[in-house]
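Here is a short report for a reader new to this structure. It moves from the strands to the cores, then to the charged pairs.

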Amino acid sequence: MFRLQGGKTLAVDLTGDGVKAKNGSMVAYDGRMAFKKMSGGGEGIRGMVTRRLTGEQMTMMEVTGQGTCYFADRASEINLVTLRGDKLYVEASNLLATDAGLRTGTTFTGLRGGAGGNGLFTTTVEGTGQAAIMSDGTAVVLRVTTRYPLSVDPGAYIAHQGNLQQHFQSGVNFRTLMGEGSGESFQIRFEGEGLVYVQPSERNTLGGDV
């Protein structure tokens with residue numbers, strides 16, 4: 001069971017089962033725990049090779065035992081995501097932990113990943129269970145509908161789930177070049193039905209501002 005302690009620490013209660021977490025993110029535990037580093041972000045040798053080729057970096061560990069384990073990373077804010085047989089797409093650097101039964105993978109996302117500085121690929125989490133994702137500041141969860149698509153700055157993007165299509169688009173126009181635009185040269189446009197998680201702090205991106 002995942003639960004938050006003050007928004008910046010994740011507590012996971014274990015009763016003989018396990019959890020996968022970002023390597024080095026354990027800050028405390030009580031009870032009896034065993035820790036094991038996982039290769040390829042938990043996907044085995046194939047996952048390790050895929051991540052090395054794609055540039056999507058994620059090192060995870062598996063924790064099993066009886067008791068409560070606490071995780072945190074650089075005082076980042078934490079959001080809990082519940083999956084019911086669906087798939088979560090998340091930047092590898094923003095994934096803190098998942099239920100052991102959830103499957104992690106790597107998928108091609110087109111130019112969105114390139115804009116985020118992580119190549120053309122992103123991490124997927126799939127199945128039924130909980131995942132914990134991190135943000136620099138309190139994350140905002142935005143709903144996308146067929147009537148109301150959403151455009152997001154690549155540096156603020158964390159994750160998304162649902163039946164969404166994403167397109168990488170340039171925001172450069174005459175007003176931008178004249179210094180009267182928003183200053184955001186590129187955006188990710190989401191269409192369909194689902195949720196998008198964004199943070200109030202922007203990472204450096206390959207696109208940058210014009």
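## Terms and overview

Two strands count as paired if DSSP finds at least two bridges between them. Strands themselves are DSSP runs of at least two residues, numbered from the N terminus.

The model is predicted. Its chain has 210 residues, and 43% of them count as buried. The secondary structure comprises three helices and 12 strands. Take the contacts between residues at least 6 apart in sequence: 79% of these join residues at least 24 apart. The accessible surface is about 10300 Å². Carbon and sulfur atoms account for 50% of that surface.

## Strand β2 and its partners

Which strands pair with β2? Strand β1 (residues 2-5) does, in the antiparallel sense, over four bridges. These two strands form a hairpin with three residues between them. There, Gly6 takes a positive phi near 75°.

β4 also runs antiparallel to β2, and 11 bridges join the two. In β4, Phe71 is the bridge partner of Leu10. β6 is joined to β2 by three bridges, again antiparallel. Here Val19 stands opposite Asp99 in β6.

## Two nonpolar cores

Which residues touch the most other members of the largest nonpolar core? They are Leu10, Val19, Val63, Phe71, Leu96 and Ala97, out of 16 residues in that core. Four strands each supply at least two of its residues: β2 (9-22), β4 (60-71), β6 (95-99) and β8 (121-135). The largest share, five residues, comes from β2.

Leu10 shows how such a residue is surrounded. Leaving aside residues up to four places away in sequence, Leu10 touches Phe2, Arg3, Leu4, Cys69, Tyr70, Phe71, Ile78, Leu80, Leu96, Ala97 and Ala132. There is also a second, separate core of 13 residues. Its members include Val125, Ile133, Ala139 and Ile158.

## An aromatic pair

How many aromatic pairs does the structure hold? It holds two. One of them is formed by Tyr157 and Phe190, and it is stacked. The centres of the rings lie 5.9 Å apart, with 20° between the planes. Tyr157 is in strand β11 (residues 157-170) and Phe190 in strand β12 (residues 186-198). The pair thus links distant parts of the chain, 33 residues apart. Both Tyr157 and Phe190 are buried.

## Salt bridges

Side chains of opposite charge can pair when their charged atoms come close. The structure holds six salt bridges. In one of them, the side chains of Asp13 and Arg3 meet at 2.9 Å, N to O. Asp13 lies in strand β2 and Arg3 in strand β1, so the pair ties together parts that are 10 residues apart in sequence. Asp13 counts as partly exposed, at 22% relative accessibility. Arg3 is also partly exposed, at 27%.

Another salt bridge joins Lys22 and Asp73, at 2.9 Å, N to O. Lys22 lies in strand β2 and Asp73 in the loop between β4 and β5, so this pair ties together parts that are 51 residues apart in sequence. Asp73 is buried because its relative accessible area is 14%, and the cut-off for buried is under 20%. Lys22, Asp73 and Arg74 are linked in a network of salt bridges.

Glu126 and Arg103 meet in a salt bridge at 3.8 Å, N to O. Glu126 is in strand β8 and Arg103 in strand β7 (residues 103-108), 23 residues apart. Glu126 is partly exposed at 27% relative accessibility. Arg103 is partly exposed too, with a relative accessible area of 49%.

## A loop and an exposed lysine

Most residues other than glycine have a negative phi. Arg74 is not a glycine, yet has a positive phi of about 55°. Ala75 also has a positive phi, near 60°. Arg74 sits in the loop between β4 and β5 (77-90), and Ala75 has its place in that loop as well. Is Arg74 buried or exposed? Arg74 is exposed, with a relative accessible area of 68%.

Lys36 lies in strand β3 (residues 26-38). Lys36 counts as exposed, at 55% relative accessibility. Lys36 touches Met61 and Glu62, not counting residues up to four places away in sequence. The C-alpha atoms of Lys36 and Lys20 are separated by 9.5 Å, and these residues are 16 apart along the chain.

Conventions:
Residues numbered from 1 in each chain as written. Predicted model: local features only at pLDDT ≥ 70, side-chain atom pairs only at ≥ 80, totals over all residues. Heavy atoms only, no water. Core = buried A, V, L, I, M, F, W, Y, C linked by side-chain atoms within 4.5 Å. Buried < 20%, exposed > 50% of the residue type's maximum accessible area, 1.4 Å probe, protein only. Contact = heavy atoms within 4.5 Å. Phe/Tyr/Trp six-rings, centres within 6.5 Å; stacked < 30°, edge-to-face > 60°. Areas by Shrake-Rupley, 256 points an atom, 1.4 Å probe, with all protein chains shown as cover. Salt bridge = Lys/Arg side-chain N within 4 Å of Asp/Glu carboxyl O.
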